[in-house]
Amino acid sequence: MIPKPELDWFAILPELITAVGAMVVLLVGMGRKQWNRVASIALTSATLIATFVFVLMEFNVSRYGAFAGLIDSDELANAGRLIAVISGLVAVGLAVRGRANDGRHGEFHALLLTAVCGMSLFAASGSFVSLFIGLELFSISLYVLCALDADRSASLESGLKYLIIGGLSSAVLLYGTALVYGATGSFDLAVIGDSDSRGILLFAGAALVLGGLAFKIGAAPMHWWTPDVYEGAGTPVTAFMSTATKAVGFLVLARVLVTAFGAESSTWVPIVAGLAVASIVIGNAGALGQLHLKRMLAYSSIAQAGYLLCGIVGWDTTGIPALVYALIVYTAMTLGAFAYVVVLEREIGRDATFADLAGRGWASEGRSIGHALPAFGLVVCSLSLAGIPPTAGFFSKFGLFDGAVESGYAWLAVVGALGSVVSLGYYLRVIVELYMREPNAARAAAAAVNLPAASTGDHRWSAGTQLPVVSGLAVALAGATLLLAFVPNKVFELGCDVKANLAQRGDDCTNVDAAAAPGPVAQTAPAAAE
Amino acid sequence: MTLESWIPIGMFLLVAMMIPTGLIGLGFAFGARNSRPDIGGNRGFAFESGVSTGHAGRQRNPIDFYLTAMLFIIFDIEMVFMIPLGLVIQDLGTYGFIELLVFVGILAVGYAYVWGRGALEWE
Amino acid sequence: MSIEASAWIAYLAPLAGVLIILFGGMKLSHKVAGLVSCASVLISFGAAIATLLKWNSLDEPEHGVASVAWTWLTSGTFRIPFEIFIDPLSIWMLMVVTGVGFLIHVYSLGYMAGDPQFRRFMAYLNLFIFSMLTLVLAGNLAFLLVGWGLVGMASYLLIGFWHDRPTAVAAAKKAFIVNAIGDVAIMLGLFLIFMEIGQVSWIPVFELLPLAVEENSGRAFMICLLLLGGALAKSAQLPLHTWLPDAMEGPTPVSALIHAATMVTAGVYAIARLHPIFDLSMDAQKLIIVLGGLTLLMAGFIALAQTDIKRVIAYSTMSQIGYMFVAAGIGAYGAAMFHLATHAFFKALLFLGAGIVIHALGDEQDIRKMGGLKKYMPKTYKLFLVGSLALAGIFPFAGFFSKDEILAFTLAAGDVYGTWAYVIYGFGLLGALMTGLYGFRLVFLVFHGTESPLVAQYGRGEILHHGHATNEHGEAPRSMFWPVAVLGLLAVVGGALAIPGLWNVPHDFLHGAHAAPTREALEHAEFSTPAIWLFALAISLPIAVLGILGAWMIWGSGKLGSLRTRFPRMERAGQNAWGWDSMYDKVFSRPSQALATSAVAFEDTITVPALEEAEFAGRDAGANIARLQNGVVRFYALGTALAFLAVVVAFIWVEG
C-alpha cells in the first residue's frame, strides 16, 4: 500500500480554481449562441473574482515547501497572483463583445484562465520544476491567445513569432536549470541558495536562467519579439500580456536571483544593471519614432522593464519594496493606456495611430464628456508612465531609482532619469495630439497607410461601437493610478513582506518598521543636537 | 575563478551543438539528392513524411488527416500514463483511484471540446 | 465620537460636497447643489463645535492630538504621514473658517442666484473651505504646503470665476503669480527645516528645531525669512500686497470669504503655528513688526482715497492684517488670533453689506455714484454701521477689544525690543485714526448725503440686472440678509471674549505648549498687565472717535472741505495705491517681459534649432532601432540567442 501523501491543497488553491474554471468555460463557451458568450464571460469573471477573494483572504499566510518543496506560497506569490487576476479581469472587460462574430469566446476565456493559472503557479513556485511548468502553461496559452484572431494575418504572425522565440528562450531557461541541477543536485530554490557550490556550472546555469527570465519580462536585448507581438495580438491580449507576464516575471526573477543565487549577487547585479541600461536606451529610443500607438506602448514597456530592473539592482536595500509598488503602479497605468487604445480602436474600426488621437481630448458637439473623460484617463496614464509628480508613476520611479542609488548604482539612476526625459518626447505627444491638434481625417488616414499592411483593413472591431464598460475601465484605471499616489506606503509595507520572503523565511518586516517610525522625541533629540 | 575553468562548459556547449549539426550534416551527406525537383525526386516537395507526393501540390491535402493524427497522438500519449497507474491501482487505494478519475475527467473535457468543436468530423 | 473623528468629519465634509456637486454635474438642480454645498459646510461647522467641546473635556490636553490617517510615504527614517493636528490653534481656525464659511455660503445662494455657472461656484467655494481646512489642520510640513498650494488654487479659480471678464482673468493671474513667489519662499523654508532635522510632523519639528538651530543665528533668520515670505504674500503685506485689491474682481462672497475672513489671514496663522521657529530669530520678529506696522499705515492712507467700495474694504483688510502681523511679530499670538476672529466677523459683514449694495445697484462699485441709500435699505445701513463701528474700534463692538489688545501688547513690547517699538505703537494709533476716517467715509458717502441719480433709479426699481429691470427697490433677499445679520450680531458681541481685567478667553484657550498665547519674553514684560491694557484703551478710543468725527466733518457735513483740495498730492498718491503697481511694472514686469522677449528670440534662433537637431538625432537613433526590427523571425531568434550569449559572456567577464 502506497501511503496517501500529505498535501496542502490551500497552497495551490488559486491554481485549482482557475484550472477548473478554465475547463468549465471551455465547455460552456463552445456554442455560438448568445447565452454561451454571456455565460463564458460571466463564469470567467466569477472564477477570477473567486480567486481574487481567496488570495486576499490568505494573503499573509505563508506556506513554504508544499507539494514536496514545489510550492512556496507567500506574499510574493500572492502579490503576483493578484496582479495576474486583476489584469485578467481587465482583459475580460476590454474584450467584451470583441469577438462576437468568430465564436472563439470559449477559447479566449479558457486560455485566459489557464494563463492566469500558469502565472499563479509560476509566482508560487519554490522549485525550478514547478517554475518551468507554470512558465510553459502561461506561455503556451499566450501563444495561442496572440494567434486567436486567426482571420487577421498580423495576429497569426504575432502568435507564431512569439511561439518560436518563446520556445527558444524556454529551452535556454531549461538548459540553465539543468546546469544548476548539475552543480547543486537540486531544483529547490532554497536548497540551491543554501548549497555552498560556487562552481562554474552554477554560474553558467544562473546566466542562462537570468537570460530566460529576462526574455519573459521583455528586457532588452531579449526584446526582439515585443514590438511585433504586442502590435499583432488583439489589444486586450496585449494589455494582459504586457502587465501580468511582466509582473509575475519580475517577482519570480527577484525570487530566483535572491533566494537561489543570493550568494552570487556580486556577479549578477552588474549584469542586471546592464540589462536595465540596454532596456532604457533601446525602449526609449525605439518608442520615439513610432506612429502606431500599440507599438509605441510596446517600446515603452521595454523602457519600463529597464526602470523596474533598477529595483532588482537595489534588492539588498530598498529596491524590492519599490519594485512591488512599481509593479502595481505599472499594471494600473499600462492597463489604463491600453484600455483607451481599445476605446479608440472600437471607435475607428482599425489599429490606432497618434494621428487618430487628434482633438479627442475635448468634449464638443457629438462628443460628450463620456468621450472626453477616457481620453483624460490616457493623459493621466501617460503622465504616470513618464513619471510626472502628482501621479503614482513618479513615486514608483523615485522608489526604484532610490533603491539603485542606495545600493551604490547612482549612475544607473542617472541613466534612468535621462531615459525618463527622453520618454517625455513620446508620452507628451499623446497630450499634444489629444488637446492641441484638430481632428483631421486625411492625416489620420495617411498615418494609417504607414501601418504594416497586416494591421489595417481586416479588423476585429466594427467601427463606431462604444461600450461603457471599456470607457469605464479606462477611467477607473486612470483613477487607480492617481489613487495609488496616496498610498505608496501601504504598498511599500507589502513590499517589505515580499523582501522578507526573499531574504529568509520567518524574518518579517518589523525591523524595517522600527527604523522608519520616528523614535521617542526625547531619545532622538540629543542626536539632532550634535 | 579563472577563465580556464569555463572550458568544461565550452566543451559541453560544443557537444550540444554537434548533435543537431551532426544530424543535419549526416542527412546532407548521405541523403538522396536531386537538385532538380522539376524532374522527379521528393526533395522538392513539401512533404517527405510518406504521404503520396504523386500529384505534387495540385491535389488538396486532407487537413483532417493531420488534425486527427495530432489529436490521436495527444490522447494516446496521455492514456499511456494510465498503464503504470493501472498496475499499482490496488496499492494506491481509494485516493489513487480518485486521482485517476480526475485525470480521466480532464482528458474527457478535452475530448468533449474536440468533439463539440467538430474536429473529429471527416468531410 | 472621539476628538479625532469629529475633526476628520469637519475636515472632509466640504470635500464630500465638492465631489457630490462634481459628479452630480448637470443632474443636480441649482437648488440641490446649493443645498448640498451649504449642508456640507454646516456639518463641518457642527463637527468643529464637537471638536471644541471634546477638546475642553480632555483631561490633560497636552500639546495637541495628532491623528494619522495613514502613512503616506516612508523611506528609511524619512516618514510623511497623512495627518491632522488638533490643538487650540487649529480648533480656533476651524471654528472661524467653517462658521464664517457657512454664513457666506448661505449668502452666496442669494448673491449668485441666476448665474448659469452657479453649481461651479458652489463647488469652488466648498473646495476652498476644504483647502483652507487642509492648511489649518495639516499635521506636518508637507501637508501645510499642500494646503498652502490648494488655497492658492481655489483663490485663483474664484477670482477668475467670471472668466469672460479680462480684468478678472488678469487679476486671477496676478494673485497667482504674487502668491507663487510666496509659495516658493515658504517651500524653501520648509525644506530647510526638513534638512535640519529630517522630520516633518509638528511636535518633533518644534522640539527638535530649537536644538538643531542656534538661536539668533544666520540660519534661523534665513528659515524665518523664507517662511515670512510665504506669509507676506498670502496675507498681502508689504511688499507682496499688490494682488489683493485686484482680487476684488471676484464675486463679492469670494472677497468676503477668501480675501477678508480666512485665506488672507493664513500668514498670521502660519506665524502663530510656526512660532517656535520664529521665536529663534529676533531679527525676523523685528522684520515682521516693521512690515506689519508699515502696511497698516500705508493701507490706511490708500483706503482714504480709493473710490471703489470693494477696494476700500480690501485696503482696510490689508491694514487690519497689518495689526495682526504686528501682534504676531511681538509674540502676542493670542491677541493676533483674537483679532483674526473678530476681523473675520466684521470684515465679512462689511463685504457682504457692500455686496448687497453692489447687487442692488446693478454691479456698480464706484462710491462716487452712490449716496443716500439709507432711505431704501435701513437694515443694511444699520448692519454696515455696526461693521464700521467694530472696524473703527468703538466700545463695545468687537474690534474695540481685539485691536486694543494688540495696541496694549505693542506698548508692552517696548520693554523687549527697545524704544523703536513705541514708534510702531504710534503707527498703530495713527492707523486707528485712519480706520475711523476711511470706515466712515464709506458710511457717509454710500448711505448718507443726497440721493445720487443711480440710487434714485434704484428707488424706482429701474436698475437693470442682467439686461432686464429687477423691480427691486427695498432690502436684499432674505438668504442674503440673514447671514449678514448674524455676522452683525457677532461683530457686536464677539469682543466680549476678552474683557481686560476680567477674562481673556482666546488667551486662556490658546494656552498649550505649542500654541502659546504669548511669547515668553513678552509674558515677563513689565507692562503685561490689565492695567496697561486699560491705559491703551483710554488712549486709542478717543483717537478712533476722532477719526469718525473727522470723517463726518469731511464727507458727512462737508465742513472741512474735500480731501482733494486740501491734500491733493496725498489723494492722488492714494488713488494710485502709492505707485506700487507702476513701480513693480517698471522694476519687475517690464524687465522680465524684455527678458522673456529676448529669451523667445534666443529660443527661436538657438534653442529650438538645437532641440530639433537633437530630436532628429533621437528619432534617427529610434529609426535605426526600429529598422533592426525588420519583422523576420529568423533574425529575431538570432538576436535573442546572441543576447543570451551576451549574458553568459557577461557572467564570465564579471566573475572571471
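In the predicted model, chain A contains 22 helices and two strands. The chain comprises 530 residues, and buried residues account for 63% of them. Contacts within chain A that span a separation of 6 or more positions were also examined by sequence distance; 78% of these contacts involve residues 24 or more positions apart.

Chain C, also part of the predicted model, has 27 helices and six strands. Its length is 656 residues, of which 55% count as buried. When contacts in chain C between residues at least 6 apart in sequence are considered, 80% link residues at least 24 apart.

The contact between chain A and chain B was then described from both sides. Nine residues of chain A are in contact with 16 residues of chain B. On the side of chain A that touches chain B, at least two residues each come from helix H1, spanning 13–28, and helix H9, spanning 200–216. Of the elements of chain A, H1(A) gives the most to this side, supplying three residues. By residue class, the side of chain A that touches chain B consists of eight nonpolar residues and one charged residue, with no polar residues.

Notes. Residues numbered from 1 in each chain as written. Chains lettered and ligands numbered in written order. Predicted model: local features only at pLDDT ≥ 70, side-chain atom pairs only at ≥ 80, totals over all residues. Helix = DSSP H or I, 4+ residues; strand = E, 2+ residues; numbered from the N terminus. Buried ≥ 20, exposed ≤ 12 C-beta atoms within 10 Å, placed from the backbone. Contact = placed C-beta atoms within 7 Å. Nonpolar A, V, L, I, M, F, W, Y, C, P; charged D, E, K, R; others polar.
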